[in-house]
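Dear colleague,

I am passing on to you the structure that follows, with some notes on what turned up in it. Please look through it before reading on.

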Amino acid sequence: YSASKAAAELLAHSYMRTHSLPLIITRSSNNYGPYQHPEKLIPCFITKLLQNKKVPLHNPNPIRDWIHVQDNCEAIDFILHHGTIGETYNISGDNEKTNLEVTKVIINSLNLDESYIESVSDRKGQDLRYALNCDKIHRLGWVPRISFEEGIKETIEWYKNNSLWWNRINKIVIAGANRTGHAGVVLNTLKMIGEHSIAGFLDKNKDVDKVPDYPLIGSTEDL
């Protein structure tokens, strides 16, 4: 995960050196805010708790620095106007918190307790801390505007008020419904991931040996 990011930066630098491509690299800390896909930690936990479900906490100890998406976008725009071609700029919100601290903030904001936390096995290659030195961009004149306390409150309210959006974006329709074919494989994989809601299957054969428990909602031609 981390190695791929480092490799991407080197690839970008190679185009600047070989082809004189004008580029600036920005490295932001973890973003949060409205419209973030529910697979990410903060919206995942908010939407699960709003559905009275437990939240899967991989590891309580890793530390992340969080920045509101609006601050990150403003920083990128600022760098485009004031940065130097070929330079790299770190962008952080100066909000380092453990995964458990973030989880507790969300739970407390929704007037719930820690019984809603479900401990699950840690993911492979888990980074223990994300920390950025942002002196360079601060010297240029940019600093974040939105505190974590203000931003997380706004974010929780947004997901409360936009359940139609995140319910829709988190739904999956699978093309093909044969339980012994790819449909069964896809279904089992999604169940292991556990991050999505399956709306149903599409199959032009109404008599297919269908995956049970999920409706046949149309044909693959409809797709």
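Which residues form one aromatic cluster? The cluster is made up of Y35, W158, Y159 and W165, where rings of Phe, Tyr and Trp (its six-membered ring) pair if their centres lie within 6.5 Å, planes under 30 degrees apart counting as stacked, over 60 as edge-to-face and the rest as tilted.

This is a predicted model, in which local features need pLDDT of at least 70 and side-chain atom pairs count only at pLDDT 80 or more, while totals for chains, interfaces and linings use all residues. Residues are numbered from 1 along each chain as its sequence is written, and side-chain values use heavy atoms, with hydrogens and water left out.

By the ring rule there are seven aromatic pairs. One of them joins Y32 and W66 edge-to-face, at 6.4 Å centre to centre and with 75° between the planes. Because Y32 lies in strand β2 and W66 in strand β4, this pair ties together parts that are 34 residues apart in sequence (strands are DSSP runs of E, at least two residues, and helices runs of H or I, at least four, numbered from the N terminus). Both Y32 and W66 are buried, that is, under 20% relative accessible area, with exposed meaning over 50% and partly exposed in between (1.4 Å probe, protein chains only). W158 and W165 also pair edge-to-face, at 5.3 Å centre to centre and 75° between the planes, and both are buried.

Finally, L49 is in contact (heavy atoms within 4.5 Å) with V55, I106, I107, L110, L112 and Y116, leaving aside its neighbours within four places in sequence.
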